[in-house]
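Visitor: I would like to learn how to read a few features of a model. Please take them one at a time.

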There are 2 protein chains.
Amino acid sequence: MHFTSSMSFDGVREQLFTLDGTPGVLWTPEGATGTRPLVLMGHGGGQHKKAPDILALACRIVAECGFSAVAVDVPGHGDRPVDDEYDRIATENRARVAAGEELAPLVAGFQALVARRTVPEWRAVLDAVQRIEHVGPGPVGYWGVSLGCGLGVPFVAAEPRVRAAVLGLGGALASAEHAARVTVPVEFLVQWDDERVPRAQGLALFDALASAEKTLHVNVGRHGEVPAFERDSTLRFFARHLA
Amino acid sequence: MHFTSSMSFDGVREQLFTLDGTPGVLWTPEGATGTRPLVLMGHGGGQHKKAPDILALACRIVAECGFSAVAVDVPGHGDRPVDDEYDRIATENRARVAAGEELAPLVAGFQALVARRTVPEWRAVLDAVQRIEHVGPGPVGYWGVSLGCGLGVPFVAAEPRVRAAVLGLGGALASAEHAARVTVPVEFLVQWDDERVPRAQGLALFDALASAEKTLHVNVGRHGEVPAFERDSTLRFFARHLA
């Protein structure tokens, strides 16, 4: 793990790093020492580790909960090199949708492919970050919607350090098998008028989660229109399960 | 409106009253003066105006938000006389369910019948309570699940003073027509394993609400097992929309 920069603002310390070629960012409370809960965050498709929704939520996790947060670029996103195979598949998929094919199964297949790389990458990030003194081996949460859900469900299923997860804007086609192995508390977001994930697919993924405690939050609006008050709910959820 | 008793505890003043023969209870902050938001609460089937979930939530509405809260007994419940017609229907319905008929349509028919009485009764309660100096004509919220939803949806649809409502554990069979006239923000509760309201019925009632802002909270468990943290969410919802 190699840190490339460090800056502080509003009580939050932000450190950029690379780990085996994966660019990432770690947020911790300024001046923090000792072990604390950590939230790993998975960004959406076409976004990156410091996309506005990731950055805003990470800062609140640090400032309001005193936890740390970490995010890395998904292959083919952010500061990572273009991935020729993913690019070819994405181009193919766009052409297939234009020709009338359904979007959801194509997205599902693509996310399953990417998850085979991100699950081990994210587990390695946890290993490395938890060795830092002011992060330490505390309880871990996961946050990710859309692509961050498609990649997050297999990650949460595979990683026993994760104790609670906020997921959503994803469907059962991509993730139902992995969801059946998720047993930690989950808060799951569905947009009632999601133009990318059919309503029934989102409900079916919530249903497929094996968690004894799981809560579904449905709001009116399209894929990108999750209301701001859900961010407050996310913070309370993590505070309840990780603090 | 005739007050029959008054007591105070933990900063909450509780006054029992009757209004045209309807027994009710008003909770306000101890020593309060002037207008404040008011939440009208509808109790569940077989319960009454001071059932534990009503009382607990009312006290928090008063103590934590500084609002007032009011609840009355539904006909045939609590301190109201036995209603022979309702009793006869309830007995008939039990026999029909025992003979294999579906429960939901029978409940729906019964609630529609009762709502024809409770909607005008509750509107009269609002009129009377809002004339009290330490309640006043402030913004009004409604809270009610199960029977409190079946009676609440037509009430919220009919009463323009209501600005926000928490509803749930009810189905579209009973309430979809009225729901299409509800336009205020709604937080709607569904229990994923509800043995009384089929899952699809609950989702269909949420869908039928005409509100531009509506949020569905689904939790794992049976009809009576809404988790305690939903009460926190209810308080925040009313604080956001009525304060």
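**Reading burial, charge pairs and symmetry**

Guide: B:Asp73 counts as buried, at 0% relative accessibility (buried is under 20% relative accessible area, exposed over 50%, partly exposed in between, with a 1.4 Å probe and protein chains only). This is a predicted model, in which local features need pLDDT of at least 70 and side-chain atom pairs count only at pLDDT 80 or more, while totals for chains, interfaces and linings use all residues. Residues are numbered from 1 along each chain as its sequence is written, chains are lettered from A and ligands numbered from 1 in the order in which they are written, and side-chain values use heavy atoms, with hydrogens and water left out.

Visitor: Where is B:Asp73 found, and what does its side chain reach at 2.9 Å?

Guide: B:Asp73 sits in the loop between strand 5 (68-72) and helix 2 (84-98) of chain B; helices (H or I, at least four residues) and strands (E, at least two) are DSSP runs, numbered from the N terminus. Its side chain reaches the backbone nitrogen of B:Asp79 at 2.9 Å. Leaving aside neighbours within four places in sequence, its contacts (heavy atoms within 4.5 Å) include B:His43, B:His48 and B:Lys49.

Visitor: How should I read a salt bridge?

Guide: Side chains of opposite charge can pair when their charged atoms come close. The rule is a side-chain nitrogen of Lys or Arg within 4 Å of a carboxyl oxygen of Asp or Glu. In one of them, A:Asp79 pairs with A:Lys49, with the closest N and O atoms 2.7 Å apart. That pair links distant parts of the chain, 30 residues apart. A:Asp79 is exposed at 58%, whereas A:Lys49 is buried at 6%.

Visitor: Which chains hold the two partners B:Asp207 and A:Arg199?

Guide: B:Asp207 forms a salt bridge with A:Arg199, the closest N and O atoms being 3.2 Å apart. This pair crosses between chains, from helix 7 (residues 199-208) of chain B to helix 7 of chain A. B:Asp207 is partly exposed at 36%, and A:Arg199 is partly exposed at 31%.

Visitor: What rotation superposes chain A on chain B?

Guide: Two copies of a chain are related by a rotation about an axis and a shift along it. Here the rotation is 180° with 0.0 Å of shift, and the RMSD is 0.0 Å, from least squares on the C-alpha atoms of residues with pLDDT of at least 70 in both copies. The two copies are therefore related as by a two-fold rotation axis. Of the residues of chain A, A:His217 comes closest to that axis, at 2.4 Å (C-alpha).

Methods. A polar contact is a pair of N or O atoms within 3.5 Å; within protein, one must be able to donate a hydrogen and the other to accept it, and residues adjacent in sequence count only if both atoms are side-chain atoms.
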